[in-house]
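Hi,

Here is the structure I promised to pass on.

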Amino acid sequence: MQLPILSILVFFPVLGILLLLFLDRKNHKVLKGATFVIAVLEFLFSLPLWFGFDSRTAAMQFVERYHWLPQYGISYYVGLDGFSLLLVLLTTFLTPLCVLATWEDIQTRVKEFMICLLFLMSGMIGVFVSLDLFLFYVFWEVMLIPMYLLIGVWGNPARRVYAAIKFFLYTMFGSLLMLVAILVLYFYHGKVTGTYTFDLLKMYGLNIPFHMQFWMFLAFGLAFAIKVPMFPFHTWLPDAHTEAPTVGSVILAAVLLKMGTYGFLRFNMPLFPQAAYYFVPLFSILALIGIIYGALVSMVQKDLKRLIAFSSVSHLGFVMLGLFTFNVQGVQGGLIQMINHGLSTGALFLIVGMIYERRHTRMIADFGGLSTPMPVYATIFMIVTLSSIGLPGLNGFVGEFLILLGTFKVNKLYATLGATGVIFAACYMLWMFQRVMFGEVTNEKNKNLKDLSAREIAIFVPLLLFIVWIGVYPSTFLNKTEATTANFCTLMAKAKETTVAFDTQHTAFTTQHSALKTQNSKGVAR
Amino acid sequence: MGSVNPFFLGCTLSLVLSLSAFGLIMIFTWRRPKLSLAISLTVSTICLIIAWLTFIKLSALKEPLILSVDWMMSDQIRVPFGFLLDPTSLLMFVIVATISWLIQLYSIGYMAGDSGFGRYYAFLSLFALSMLGLVISSGLLQLYICWELVGLSSYLLIGFWYEKFSASEAGKKAFVVTRFGDIGFFMGLAFLVLNFGTLDIHSINSAAMSKAFPAWLLTPAALLIFCGIMGKSAQFPIHVWLPDAMEGPTPVSALLHSATMVAAGMYLLTRLFPFFSCSPTAMTVILTICTITLLLSSTIGMVATDIKQVWAYSTISQLGFMGMGLAAAGLTGGYLFAGFYHLTTHAGFKALLFLCAGVFIHHFHTNDFFVMSAKGGRRLLIPMVTVTIGALALAGIFPFSGFFSKEAILAELWNLPNKMWLGLGLLGAFLTAYYTFRVIFVLLFPRPQAVGGGHGVEEEHGHGHGQEEEHGVPWVMAVPLIILAGFTCVLGFLQAPIQKFLLGEVHHHAPNYVLLVSAVGCALGGIGMAWLDWGAKGAKWEGFIRKVPVVENFFIQKWYMDHFWRWFLNTVIYGLFSRTFTYNDRRVVDGGVDAVAFGTIGSGRLLSFIQTAFLQLNLLFMVLVLGGIGIYLLMGR
């Protein structure tokens with residue numbers, strides 16, 4: 001029998017928490033060391049996923065399924081396909097690095113911090129692997145709590161509570177509507193097929209009438225759009241990013257935001273394909289606004305973290321633009337760009353965190369000329385900056401190239417507008433870099449800054465390795481997603497044809513749908 | 001695998017070595033100048049040898065050698081990576097390798113004592129890598145990647161003295177402005193690959209020659225790709241980055257302006273010449289833009305006082321000239337020879353001119369040639385002689401290389417039915433000769449009394465050369481000058497062999513005496529005019545253009561192009577959009593969504609309780625949330 005790798009991944013951090021409970025809370029080194037070991041083990045456990053993954057099939061792999069609440073059709077059902085594989089690996093890859101980054105940064109309530117971190121890890125992996133809507137929702141909500149605490153407890157004292165609550169409320173608001181939609185879906189499925197289940201893959205086969213798709217797409221979409229975040233639901237992000245501790249920002253940017261984009265890919269589009277087609281213009285335009293708006297707002301930021309936060313809005317706009325093309329290039333580009341954004345923005349937050357540890361400020365105006373005292377830091381910063389602006393040879397380019405190619409296929413205007421984001425990215429990132437790193441050292445306090453320590457360099461080496469790897473030979477990663485993407489695109493294309501059929505038989509459809517409407521309202525009322 | 005062609009092995013080797021030189025220096029030896037220099041120079045020498053060997057061995061090449069591996073393949077789209085060796089790329093390969101080698105040699109003297117010596121050589125290696133990769137790439141995407149890497153290396157090198165604000169500003173400007181053009185290039189590639197299916201250069205050119213492209217695909221794709229060329233080769237209206245790029249060390253300017261960065265644009269135009277020449281519309285646009293650029297930059301060159309600025313504007317104008325030659329050839333069904341030949345000769349004499357300027361700057365610590373002249377610039381014998389040779393070539397005087405290549409371009413323009421283009425080309429030649437010899441005459445006939453406080457160009461070197469004041473010209477700096485001067489003298493007479501090499505045959509034209517006389521006349525006229533204004537005993541040391549102050553001011557202000565872009569960036573993008581958006585973010589979106597969120601949270605909660613059909617679920621959810629908080633509370637404190 002196959003090892004239940006996914007369950008191990010989900011629950012191993014919880015075991016780790018139990019271990020941490022028994023450790024002395026005063027001994028920070030041991031606590032951090034133990035967490036690091038746990039995170040590294042977790043990463044090692046996740047490696048079989050990469051090697052054992054069959055990239056020729058679009059079917060779910062490493063599937064595990066146990067009955068949980070059979071009377072409600074709820075089961076513990078997890079699996080992995082090309083969409084989630086890279087995201088799971090990204091999570092397990094980044095967590096050990098994050099633990100390393102807390103070494104100097106976190107000095108208060110270390111034990112609680114580590115518990116939150118492991119808890120978060122468990123939740124994040126759970127979200128990416130669950131194939132049961134109920135299970136998914138549980139993980140989705142569970143993950144919220146540790147993040148909320150990370151921001152609220154270890155954040156920047158001045159505004160951390162505001163940021164934490166804002167983050168919490170925004171996300172809760174979206175997820176409540178999503179819960180409603182999940183329930184509607186559940187009952188609809190029960191009505192039509194006779195079996196009440198939360199099994200996601202069974203729901204894929206449903207032929208939901210358009211008006212229901214419309215509303216459910218919006219309900220799910222809102223939850224995910226807030227998470228992505230898409231314009232105009234992005235304003236929680238700069239606050240949360242800025243106030244969170246370094247590691248919080250890294251995980252938030254690298255993994256949590258991806259849950260939004262992943263949600264679109266896993267739930268919104270396959271469940272409600274006709275509605276997805278219907279909403280292409282809306283979401284593409286919102287994505288474009290996000291790209292340009294995020295970039296332009298980045299330009300005027302004075303705080304490094306805020307600047308990077310707004311650049312995330314811009315980059316995630318690219319991802320959404322790619323996903324909503326429904327063709328192989330666009331979707332694959334979107335997938336790879338999720339990973340890229342995780343790597344480069346994660347690295348950027350780490351970079352800012354390191355300078356913050358030294359100077360306790362994040363204001364661009366306080367810096368200038370840091371290249372002279374910190375040449376190693378400058379080199380790493382430069383590479384990550386270039387990766388973030390999509391320089392060929394580094395990872396960002398591959399994602400942007402594929403996304404723009406996919407978009408160009410669908411709509412030339414969108415592609416052209418999206419491409420301007422690439423120029424703006426160069427503007428604000430290089431300007432930021434110039435103001436922080438170039439010039440003469442004007443501030444006395446910056447004259448004798450220590451360059452990166454071996455531990456800090458060790459954090460960046462793996463990140464830089466993948467930044468270059470994806471840039472030079474993306475096929476390693478694209479191959480893994482190819483079958484799933486191709487299958488997804490075929491399904492979407494088929495769904496598009498049925499939309500046409502819908503419209504031609506409009507009258508028949510209306511009567512049918514009003515019948516369903518009454519049925520459905522009864523179902524909810526019961 | 002089969003047997004590996006030794007030439008491809010050589011190509012791979014030169015790229016890998018350059019990359020490893022960059023990596024080694026950046027990671028290990030950047031603190032040790034001598035070691036870094038040794039690594040970089042060795043690699044550069046190996047590349048030079050490989051390039052010349054390949055060039056000589058393949059000089060009788062009939063069919064292009066192609067090695068191509070698929071890098072990315074999906075859904076009817078093929079993106080190949082590999083090498084394409086044909087006369088065009090081989091000649092450029094040699095030019096790039098030679099000039100980079102000479103520059104590396106020269107920099108030993110120029111950059112001696114600089115604190116970033118190791119880093120400098122690492123960047124030069126990166127530059128060599130990206131440019132060599134660009135030249136021999138077999139697919140357009142690979143070319144695009146190298147193209148961007150060239151942009152990166154010039155960003156790093158222009159802003160090399162990062163402590164100086166203007167330098168980092170100039171580097172950034174170069175990167176962003178060329179990227180602006182690259183977006184067009186990128187869209188062109190997307191357009192091409194989606195409709196044609198491959199980005200293989202050879203396939204595109206063959207398809208173009210067999211008229212396989214429909215016009216709706218050809219013209220937009222050609223124009224979009226030309227946007228990239230405009231950015232790289234600094235054509236109007238996005239030429240503004242190039243004069244600023246003078247902030248970099250002078251050897252870098254020489255490298256940028258002769259064989260690499262800016263030449264990359266014209267090289268691409270040559271590379272895809274069969275493709276471009278299928279679209280008369282695109283070629284007409286190119287011809288127009290290049291002509292505007294030629295005149296614009298020549299006129300600005302007339303009034304600049306910084307020697308590097310003069311050479312920079314002359315580069316822009318010569319690039320315009322090359323573009324005109326290629327476009328005219330495309331329109332009349334001619335060959336790519338004239339433009340590419342000018343690119344070759346220009347690489348030699350422009351590198352020479354910049355390196356000479358570098359010697360003067362290194363010696364006198366100023367960029368202002370009026371000050372150099374006053375301080376006795378003409379006493380530096382070797383640079384003075386070589387700069388004059390370079391200037392003669394730039395002005396197009398027999399027997400120097402520029403004469404032959406300019407003649408070839410003017411012959412292409414002559415073939416155009418509309419003689420206006422020829423007239424404008426001749427005007428450009430006249431202006432070129434004038435501003436070039438303005439510099440030479442000022443340097444040759446100093447008038448210390450004429451240098452007031454008016455010409456204040458700041459010294460370029462940010463670092464001290466304090467004690468070595470009395471030195472002459474170090475041999476590492478003199479040797480490249482002499483070699484390049486040698487090229488400048490010889491290349492002109494190699495016109496026929498080069499033509500045979502590039503096209504496989506020599507096209508003999510009956511000498512066109514009218515053209516010959518008018519071209520030489522224009523060049524001599526320009527020199528004569530410069531002599532009257534700057535050289536002769538009774539000359540007023542005033543440009544003839546001073547008689548029309550409005551126009552002079554217009555030229556001094558660089559046709560207000562910089563003003564325009566600055567206004568566009570500061571007022572429109574930054575002032576209008578960025579600020580408004582930020583305000584909108586803080587007040588409107590944040591305020592509005594906050595209010596809605598706070599309002600809805602209450603009703604949201606209510607809604608979830610109305611969903612009593614599934615109370616258990618809600619309860620379970622709440623238990624989970626409470627459980628989580630409980631866990632925290634238990635562990636906390």
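Below is what turned up, starting with some ground rules and then going through chain B and chain A.

This is a predicted model, so local features need pLDDT of at least 70 and side-chain atom pairs count only at pLDDT 80 or more, while totals for chains, interfaces and linings use all residues. Residues are numbered from 1 along each chain as its sequence is written, chains are lettered from A and ligands numbered from 1 in the order in which they are written, and side-chain values use heavy atoms, with hydrogens and water left out.

Chain B has 25 helices and two strands (DSSP runs, H or I of at least four residues for helices and E of at least two for strands, numbered from the N terminus). Of its 637 residues, 61% count as buried (under 20% relative accessible area; exposed is over 50%, partly exposed in between, with a 1.4 Å probe and protein chains only). One residue to look at is Ser401(B), in helix H18 (residues 401-415) of chain B. Ser401(B) counts as buried because its relative accessibility is 0%. Beyond its neighbours within four places in sequence, Ser401(B) is in contact with residues including Thr345(B), Phe349(B) and Leu491(B) (contact means heavy atoms within 4.5 Å).

In one of them, Asp81(A) meets Arg266(A) at 2.7 Å, N to O. That pair links distant parts of the chain, 185 residues apart, with Asp81(A) in the loop between strand S2 (74-80) and helix H3 (82-105) of chain A and Arg266(A) in helix H10 of chain A. Both Asp81(A) and Arg266(A) are buried.

Another bridge joins Glu243(A) and Arg159(A) (3.4 Å, N to O). Glu243(A) sits in helix H9 of chain A, and Arg159(A) in the loop between helix H5 (133-154) and helix H6 (160-193) of chain A, 84 residues apart. Glu243(A) counts as buried at 5% relative accessibility, whereas Arg159(A) is partly exposed at 35%.

Finally, Arg358(A) and Glu456(A) form a salt bridge, with their closest N and O atoms 2.9 Å apart. Arg358(A) lies in helix H13 (residues 328-359) of chain A and Glu456(A) in helix H17 (residues 454-472) of chain A, 98 residues apart.

Cheers

How values were computed: Salt bridge = Lys/Arg side-chain N within 4 Å of Asp/Glu carboxyl O.
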